[in-house]
Amino acid sequence: MTSDSDNRQLELLPPVAPSVRRAKLRVEELSGWEHAQPSPRLLELIRKLGPLEPIVVADPGSQRSRRQQPYPIVEGRRRAKAVALLAAEKDGAPARLEALIVSGVGTERTAVLAALALALHASRDDSPASELAAIEAIITTAGETSQATTIKQIAEQTGMPAQTIKRRLRLRNLVGELRQAFDQGKLTPSVAEAAARLSGEQQAVLALTLEDGERLTLEAVRELARSQRTTAVGQLPDSLFAERQTPWQATVLGHIKAAQDAIPDTQREGALARAIAHVLALAETA
Amino acid sequence: MTQTSTPLVTSGARRGCGYRQPGGAYFAVPLGPGGRPVEDFLIDPPVVIDEPARLGLASVGVALIERDNVHHVVDLVGREHYPTVASFVDEARRLGVSRRAPRTIDFAKITPSSRLLLAHAHADIANAIEFPCDDRCPCHVAEHLAAGFADMCARLWWHEPLDAAQHRLALFASFPIPQIEVVKDEAGGSHATTVTMASHAGVPVVEVER
């Protein structure tokens, strides 16, 4: 059964194509790139060729000055960070990059911007941290709509597979410290996914490792899970793993109940059913 | 008259979780003459799992655990299809047990000594004492038969839903794994690959129609 809120159709994409203009912006005028982690390959590419492709940002609106209201990046956080890093290498040369500025009906809404980001990401390389942030923004916007329904709608409207959305959402199982590290790019997606499958207690141990300044590796996470699983399994009672001697009364009663259940509905009032019910009553007092 | 030996298989009838999927592999405990009743395999009282993640249990799917060099399957019976433990047990009594084995599982770790451990989110009731019940313990546990016993007992499973019950995830049954059943995929033929993978297990693999 679905609730009324489940039937509410989210409007995740703009009702009409947004207006797009192109401009060269300074990275200081942008928001959302600060914790991005461009890969060495991307850095090298931009170092050689520059950012060949404009990033996509939303128009913060003309009612406030741009100094107060930066352009939120819809897509291209890692490229913006790469440009900033490369500019810093050149002794503070101005870091500017081409951007497509989208504006128009709907683009002032967080959920729409998040959905645009997902739609763009759906056809590009994974960027789990920003994808998770975008999915969470949509779920928050969806309010009381069940998560399953929201996931379905996101998948339908952005093209991101539902399985991927669920996988990203599992990262919400990360404890505070690990989630923060993941959001800041200090935890790789594969390590974060493995850690998210662990208990809070286990994750706390991993958080201590991070606190000590050590790098968390996938192997370390798996090893911790293995060792704690061994301990947990060792604490289970032996009786779970062996054939048990069941009291004969339980066996007899079980067989009689099975016989009773095997009688088809059409014969439930028959003599045999009555006889079995009688035997069952006798057995229950044995 | 030709004598043929037909292996026992679990029923392909519709279950709480629907029909079995063509091409799917299932850990199966069939019914048969001379078999034992489902009560013989119930864990009473159930064994509470405080932290499922420590056992590698996720909300869906199965986990393999190793104990004394034997691997066992832990499977979470979902409330979506089986709202109560009783609904699962009653079905097992009529149709046998059939639990989906993910194709990604390492079938080679399944041996004749492996057990299928089933957990359910409502298997244990922490405040069982608040639900007095005169039924006899279905597993005939001596302690549960004593006059005045009011702690957790499998008999409460047949009284669900119990308002204000404090449910806890717990293991409620431990079955042997006599065989793996693979459902034929007449249209796509995907069962062939599944049979190949499942054949790495140390228990028989049986092809079934549905």
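Helix α5 of chain A covers residues 128-142, which is 15 residues. At 1.5 Å a residue the helix should span 21 Å, and its end C-alpha atoms are 21 Å apart, which agrees. The expected span is 1.5 Å times one less than the number of residues. Helices here are DSSP runs of H or I with at least four residues, strands are runs of E with at least two, and both are numbered from the N terminus.

This is a predicted model, in which local features need pLDDT of at least 70 and side-chain atom pairs count only at pLDDT 80 or more, while totals for chains, interfaces and linings use all residues. Residues are numbered from 1 along each chain as its sequence is written, and chains are lettered from A and ligands numbered from 1 in the order in which they are written.

Stay with α5(A). Its buried residues are Ala129(A), Ser130(A), Glu131(A), Leu132(A), Ala134(A), Ile135(A), Ile138(A) and Ala142(A). A residue is buried if 20 or more other C-beta atoms lie within 10 Å of its own, exposed if 12 or fewer, and partly exposed in between, with C-beta atoms placed from the backbone. The cover over these buried residues includes α3 (77-89), α4 (110-121), α6 (147-158), α7 (162-170) and α8 (176-183) of chain A. Just after α5(A) comes Gly143(A), with a positive phi of about 60°.

Two of the covering helices also pack on each other. The axes of α4(A) and α6(A) are 9 Å apart, at an angle of about 60°. That makes α4(A) oblique to α6(A). Axes are lines fitted to C-alpha atoms, for helices over the stretch in contact, and angles run from 0 to 180 degrees between N-to-C directions. Angles under 35 degrees count as roughly parallel, over 145 as roughly antiparallel, 65 to 115 as roughly perpendicular, and the rest as oblique. The crossing of α4(A) past α6(A) is right-handed. A crossing is right-handed if the near helix is turned clockwise from the far one by less than a right angle, and left-handed if anticlockwise. From α4(A), Ala115(A), Leu118(A) and Ala119(A) make the contact; from α6(A), Ile154(A), Gln157(A) and Thr158(A) do. Contact means C-beta atoms, placed from the backbone, within 7 Å. The α4(A)-α6(A) contact has four nonpolar residues, two polar and no charged ones. Ala, Val, Leu, Ile, Met, Phe, Trp, Tyr, Cys and Pro count as nonpolar, Asp, Glu, Lys and Arg as charged, and the others, Gly among them, as polar.

Now follow α8(A) to α10(A), residues 200-211. Their axes come within 8 Å and cross at roughly 55°. That makes α8(A) oblique to α10(A). This crossing is left-handed. Glu177(A), Leu178(A) and Ala181(A) of α8(A) meet Gln203(A), Leu206(A), Ala207(A) and Leu210(A) of α10(A). By class, the α8(A)-α10(A) contact has five nonpolar, one polar and one charged residues.

Step back to chain A as a whole. It holds 13 helices and five strands. Of its 286 residues, 30% count as buried. Among contacts in chain A with a separation of 6 or more, 69% come from residues 24 or more positions apart.

One buried strand residue is worth a look. Val74(A) lies in β4 of chain A, residues 71-75. Val74(A) is buried because 26 other C-beta atoms lie within 10 Å. Setting aside residues up to four places away in sequence, Val74(A) touches Val56(A), Val57(A), Ala58(A), Val102(A), Leu113(A), Leu116(A) and Ala117(A). Val74(A) and Leu100(A) are 26 residues apart in sequence, and their C-alpha atoms are 9.8 Å apart.

Chain B comes next. In the interface, 28 residues of chain B contact 25 residues of chain A. On the chain B side, β2 (42-48), β3 (62-67), α1 (85-95), β6 (115-125) and β7 (167-176) each supply at least two residues. That side divides into 12 nonpolar, four polar and 12 charged residues.

Chain B also has some backbone exceptions. Most residues other than glycine have a negative phi, and most peptide bonds are trans. A cis bond, with omega about 0°, joins Asp44(B) and Pro45(B). Pro45(B) lies in strand β2 of chain B. Another cis bond joins Glu160(B) and Pro161(B), again with omega about 0°. Pro161(B) sits in the loop between α2 (142-145) and β7 of chain B. Ala164(B) is in the loop between α2 and β7 of chain B. Its phi is positive, near 70°. Ala164(B) counts as exposed, with 8 C-beta neighbours inside 10 Å. Asn69(B), in the loop between β3 and β4 (70-77) of chain B, has a positive phi of about 65°. Asn69(B) counts as exposed, since it has 7 C-beta neighbours inside 10 Å.

How values were computed
Contact = placed C-beta atoms within 7 Å.
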